[in-house]
Amino acid sequence: MDTTVANTGAEGKTWGGGNEPLKASYGKMMMWFFIVSDALTFSGFLAAYGFSRFKYIGSWPIADEVFTHVPFFHGNYPMIYVAFMTFVLIMSSVTMVLAVDAGHHMNKTKVTWYMFLTIIGGLIFVGSQAWEWGTFIKGDYGAVQTKGGNILQLVDNTGHRVAINDIALDAHGERVAHERKNGLWFVDEGTLPAYTVDEVYNGLVANPNVLVRTQIINEEGHKTVLSREASLAKLKDEGVLVVQGANLKVNEYGTSLFADFFFFITGFHGFHVLSGVIINIIIFFNVILGTYERRGSYEMVEKVGLYWHFVDLVWVFVFTFFYLV
Amino acid sequence: MAHEHKLEIFRGLVKFKSNTQKIWGVLIFLALITAVEVILGIYKPESFMAKFLGMKLLNWVFIILTIVKAYYITWDFMHMRDETKALRRMVVWTSIFLICYLIFILLQEGGYIESVYSNGYVKKDF
């Protein structure tokens, strides 16, 4: 390096440049400052989530009832899968810090292996998140949206959820999707829901043990279940749309803001994980090619490590505020 | 380049022999906290349901455990423990101050809007 950088004659003088008062290199310090600004972005999102949640404190969806699935297993297992995802991410953080440590000892083989494991952990995490999204978008029981945008779900008299497509009965009068060819040519309409509200209402009439559950949380912390008469009246008077699953417009689990924030925050985090994996892969190949061996320092691994730990750090908070609190 | 690591956690209560050993030690601690969180989240013990400062006690427990986890990730995995005091304060105090401010403003406002809704000025249930 001495051959490429000219001596300025200011070495060792306090204000002459070339000092490292923080005992950290430029690159590492800037990574820390980037992390600060990124942390503020994420806290902006999470605080906005908190804002909406405080605004709808009496009707926010209960996370334990939303995220209940585990791949390859049927049944109701809240929390298990996210706990697994959290553990995978912490584990990949550990292999990353082990790679940094091996880099300090200039041990190329170990750095290579630990980087490889970190990448695998990151990929498992992103894959799990994709699956989580898929399950959330598909939904499970379905619900009816009211004129006011609230969600009505169906339960039997023991409190267990009832799926819309198990009870919906064929109603007279067929509502066909509006297409350009048979109406206003400049207006189009998306796919219609599989069932109409009338069909769900007929099903409710035919099943005397089924009740409507609103999204309002009662004193015991559960969603309010209406009486039989109130259920029938509520669905008849207020139901307008059958909702299956969740997207940016509707959400069968409760207020659509919940789905919006879920997609936005976990999506933004997932994008960070993805970019982290890509940067890790680049560094991984540099390690294999011996770039850092020649450079005489594995500090690059340390810098990307900082980013990777930050992604883990954010997930710890997302986990708490989306799934636990 | 010399890389000295401070090998004590819990204010010197536990001292590790090497940096690698410290990493595994911290992992065990973090996994333990996560396990406690998950178990509390699944069973939701009745004794934690009391209200405390406007929130359920359980939620406070979760938030405190999360901050503890964040501390150990930053201090030991990101080696904040080994950085100079000045760098540490620049990064940590700045973010903590700004984040607390942001959270205060937004949650205060959210609570206010909720009170307007629930006092019956806005019809929501139709």
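F72(A) counts as exposed because 4 C-beta neighbours lie inside 10 Å; the cut-offs, applied to C-beta atoms placed from the backbone, are 20 or more others within 10 Å for buried, 12 or fewer for exposed, and partly exposed in between. The model is predicted, so local features need pLDDT of at least 70 and side-chain atom pairs count only at pLDDT 80 or more, while totals for chains, interfaces and linings use all residues. Residues are numbered from 1 along each chain as its sequence is written, and chains are lettered from A and ligands numbered from 1 in the order in which they are written.

**Loop between helix 2 and helix 3 of chain A**

- F72(A) is not a glycine, yet its phi is positive, at about 70°.
- F72(A) sits in the loop between helix 2 (63-66) and helix 3 (80-104) of chain A; helices are DSSP runs of H or I with at least four residues, strands are runs of E with at least two, and both are numbered from the N terminus.
- M79(A) belongs to the loop between helix 2 and helix 3 of chain A.
- M79(A), not a glycine either, has a positive phi of about 80°.
- M79(A) is buried, as 22 other C-beta atoms lie within 10 Å.

**Strand pairing in chain A**

- Strand 2 (residues 151-156) and strand 3 (residues 210-217) of chain A run antiparallel and are joined by 4 bridges; pairing requires that DSSP finds at least two bridges between two strands.
- V155(A) has L211(A) in strand 3 of chain A as its bridge partner.
- Strand 3 and strand 4 (residues 223-225) of chain A are also antiparallel, with 2 bridges.
- R213(A) has V225(A) in strand 4 of chain A as its bridge partner.
- The hairpin of strand 3 and strand 4 of chain A has 5 residues between the strands, and in this hairpin G221(A) takes a positive phi near 85°.

**Surroundings of V197(A)**

- V197(A) is part of helix 6 (residues 197-206) of chain A.
- V197(A) counts as buried, because it has 21 C-beta neighbours inside 10 Å.
- Leaving aside residues up to four places away in sequence, V197(A) touches V144(A), G239(A), V240(A), L241(A) and V242(A); contact means C-beta atoms, placed from the backbone, within 7 Å.
- A168(A) is 29 residues from V197(A) along the chain, and their C-alpha atoms are separated by 8.8 Å.

**Chain A overall**

- Chain A has 10 helices and 5 strands.
- Of its 325 residues, 37% count as buried.
- The C-alpha trace of chain A spans about 90 × 50 × 40 Å along its principal axes.
- Of the contacts in chain A between residues at least 6 apart in sequence, 68% join residues at least 24 apart.

**Domains**

- Chain A is assigned domain 1 (26-139 + 258-324) and domain 2 (143-244), with bounds from an automatic or database domain assignment.
- The C-alpha centres of domain 1 and domain 2 of chain A are 38 Å apart.
- Chain B is divided into domain 1 (1-82) and domain 2 (84-121), and the C-alpha centres of these domains of chain B lie 23 Å apart.

**Interface of chain A and chain B**

- In the interface, 46 residues of chain A are in contact with 45 residues of chain B.
- Helix 1 (26-55), helix 3 and helix 10 (299-324) of chain A each supply at least two residues of the side of chain A that touches chain B.
- Helix 1 of chain A provides the largest share of that side, 14 residues.

Note on methods:
Two residues are in contact if their C-beta atoms, placed from the backbone, lie within 7 Å.
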